[in-house]
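I opened the model to look up a few things and wrote them down in the order I checked them.

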Amino acid sequence: MNELTLKILSPEAETFSFLNDLEVYISAEGLNEEKIAYNTNIPDNVGNGIICNTIDADLQAFIKKDKFKIRTVFTTDETLAQNVEIEIKPRFLVKAKIKK
């Protein structure tokens, strides 16, 4: 994976200022869960989008599965008064060989 981004979809004016740290994990049936991205000491002026630090890991076994799950762990430094809808977009680099 070469990039993982988080974006707040709603409420529209919300920012990630409530976050202190975050970790992102991938899992699939028959495979051990693996940490794939993180951010620490997130500043209060971060805005409504975050580009995570990705971990160089071989995710080929997860991608080959019929389905996989992405799990997040957040450490907050503020209390939220309402639900926040977050979009998580992983971008995977796929290397393939073309057979003749």
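How much space lies in the largest pocket? I found about 390 Å³ there. For this entry a pocket is an open set of points on a 1 Å grid over the protein atoms alone, where a 1.4 Å probe fits, with protein on both sides within 12 Å along at least five of seven lines. The points are joined across faces, edges and corners, and the volume is the space filled by probe spheres set on them.

I noted the basis before going on. This is a predicted model, in which local features need pLDDT of at least 70 and side-chain atom pairs count only at pLDDT 80 or more, while totals for chains, interfaces and linings use all residues. Residues are numbered from 1 along each chain as its sequence is written, and side-chain values use heavy atoms, with hydrogens and water left out.

Pocket lining. I counted as lining any residue with an atom within 4 Å of a point. The largest pocket has 13 such residues, and D58, Q60, L93, V94 and K95 are the closest to its centre. By class I got 7 nonpolar, 2 polar and 4 charged residues. Here Ala, Val, Leu, Ile, Met, Phe, Trp, Tyr, Cys and Pro are nonpolar, Asp, Glu, Lys and Arg are charged, and the others, Gly among them, are polar.

Layout. I read 1 helix and 7 strands in the chain, in the order β-β-β-β-β-α-β-β. The C-alpha atoms fill a box of roughly 55 × 25 × 20 Å along the principal axes.

Of the 100 residues, 25% are buried; buried means under 20% relative accessible area, exposed over 50%, and partly exposed in between, with a 1.4 Å probe and protein chains only. For contacts (heavy atoms within 4.5 Å), I took those between residues at least 6 apart in sequence, and 68% of them join residues at least 24 apart.

Salt bridges. I searched for a side-chain nitrogen of Lys or Arg within 4 Å of a carboxyl oxygen of Asp or Glu. The search gave 3 salt bridges.

- E3 and R91 pair at 3.8 Å, N to O. E3 is in strand β1 (residues 3–10) and R91 in strand β7 (residues 85–91), 88 residues apart. E3 is partly exposed at 26% relative accessibility, and R91 is partly exposed at 45%.
- K35 and E23 have their closest N and O atoms 3.2 Å apart. K35 lies in strand β3 (residues 31–39) and E23 in strand β2 (residues 19–28), so this bridge ties together parts 12 residues apart in sequence. K35 is at 30% relative accessibility and E23 at 26%.
- R71 and E33 pair at 2.8 Å, N to O. R71 is in strand β6 (residues 69–76) and E33 in strand β3, 38 residues apart. I noted 37% relative accessible area for R71 and 41% for E33.

N2. Where does N2 sit? I placed N2 in the segment before β1. N2 is partly exposed, at 39%. Leaving out residues up to four places away in sequence, N2 touches T54, R91, F92 and L93.

How values were computed:
Helices (H or I, at least four residues) and strands (E, at least two) are DSSP runs, numbered from the N terminus.
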